[in-house]
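Trainee: Could we go through this structure together, one question at a time? I would like to see how each answer is reached.

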Amino acid sequence: MSAGKIAGILLIAAGALALVYHGFSYTKESHDAKIGPLELSVRNKETIDIPTWAGVGAIVAGAALLLTGGRKN
């Protein structure tokens with residue numbers, strides 16, 4: 001299987017996940033102060049939204065790579 005076809009499959013999978021989940025979130029932890037044995041930390045929950053057009057674009061680009069075989073003419 002060529003690298004273009006593998007990239008096409010990965011783009012289609014990533015686009016489908018983007019359409020299903022619409023984004024992802026993660027927790028960012030930052031340590032603000034350490035006073036002796038006492039440690040104060042702050043946790044921030046960050047959310048990254050993936051637009052619908054990006055998911056559809058990834059699926060279209062992946063399909064184009066699969067259909068053309070990922071080769072350069």
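Trainee: In which element is the place of I59?

Mentor: Keep in mind that this is a predicted model. Helix α2 covers residues 52–68, and the place of I59 is in helix α2.

Trainee: Is I59 buried, exposed or partly exposed?

Mentor: Buried means under 20% relative accessible area, and exposed means over 50%. I59 has a relative accessibility of 27%, so I59 counts as partly exposed.

Trainee: Which residues does I59 touch, not counting residues up to four places away in sequence?

Mentor: Start with the fold: I59 and A13 are 46 residues apart along the chain, yet their C-alpha atoms are separated by 7.6 Å. A contact here needs heavy atoms within 4.5 Å. Leaving out residues up to four places away in sequence, I59 touches L11, I12, G15, A16 and L19.

Trainee: How are α1 and α2 oriented to each other?

Mentor: Two packed helices are described by the angle between their axes and the distance between the axes. Here α1, residues 3–21, packs with α2 at an angle of about 155 degrees, and the axes are 7 Å apart. Angles over 145 degrees count as roughly antiparallel. Therefore α1 and α2 are roughly antiparallel to each other.

Trainee: And what is the hand of the crossing where α1 passes α2?

Mentor: The handedness is a separate description from the angle of about 155 degrees between α1 and α2. As α1 passes α2, the crossing is left-handed.

Trainee: How many nonpolar, polar and charged residues does the contact of α1 with α2 have?

Mentor: On the α1 side, the residues that meet α2 include G4, K5, A7, I12 and L19. On the α2 side, among them are T52, V56, I59 and L66. Sorted by class, the contact of α1 with α2 has 14 nonpolar, six polar and one charged residues.

Trainee: Let's turn to charges. Which residue forms a salt bridge with E29?

Mentor: Side chains of opposite charge can pair when their charged atoms come close. A search of the whole structure finds one salt bridge. In the pair with E29, the closest N and O atoms are 3.3 Å apart, and the partner is R43.

Trainee: How many residues apart are R43 and E29?

Mentor: The two sit in separate strands: E29 is in β1, residues 23–35, and R43 is in β2, residues 38–49. The pair links distant parts of the chain, with R43 and E29 lying 14 residues apart.

Trainee: S30 lies in strand β1. Leaving aside its neighbours within four places in sequence, what is S30 in contact with?

Mentor: S30 is 13 residues from R43 in sequence, but the two are 6.4 Å apart in space, C-alpha to C-alpha. Setting aside neighbours within four places in sequence, the contacts of S30 are with S41 and V42.

Trainee: What distance separates the C-alpha atoms of P37 and A13?

Mentor: P37 has its place in the loop between β1 and β2. P37 counts as exposed because its relative accessibility is 88%. P37 and A13 are 24 residues apart along the chain, and their C-alpha atoms are separated by 47 Å.

Trainee: One last question: what is the phi of H22?

Mentor: H22 lies in the loop between α1 and β1. With a relative accessible area of 45%, H22 is partly exposed. Although H22 is not a glycine, its phi is positive, at about 60 degrees.

Notes: Residues are numbered from 1 along each chain as its sequence is written. This is a predicted model: local features need pLDDT of at least 70, side-chain atom pairs count only at pLDDT 80 or more; totals for chains, interfaces and linings use all residues. Side-chain values use heavy atoms; hydrogens and water are left out. Axes are lines fitted to C-alpha atoms, for helices over the stretch in contact, and angles run from 0 to 180 degrees between N-to-C directions. Helices (H or I, at least four residues) and strands (E, at least two) are DSSP runs, numbered from the N terminus. Angles under 35 degrees count as roughly parallel, over 145 as roughly antiparallel, 65 to 115 as roughly perpendicular and the rest as oblique. A crossing is left-handed if the near helix is turned anticlockwise from the far one by less than a right angle, and right-handed if clockwise. Ala, Val, Leu, Ile, Met, Phe, Trp, Tyr, Cys and Pro count as nonpolar, Asp, Glu, Lys and Arg as charged, and the others, Gly among them, as polar. A salt bridge is a side-chain nitrogen of Lys or Arg within 4 Å of a carboxyl oxygen of Asp or Glu. Buried means under 20% relative accessible area, exposed over 50%, partly exposed in between (1.4 Å probe, protein chains only).
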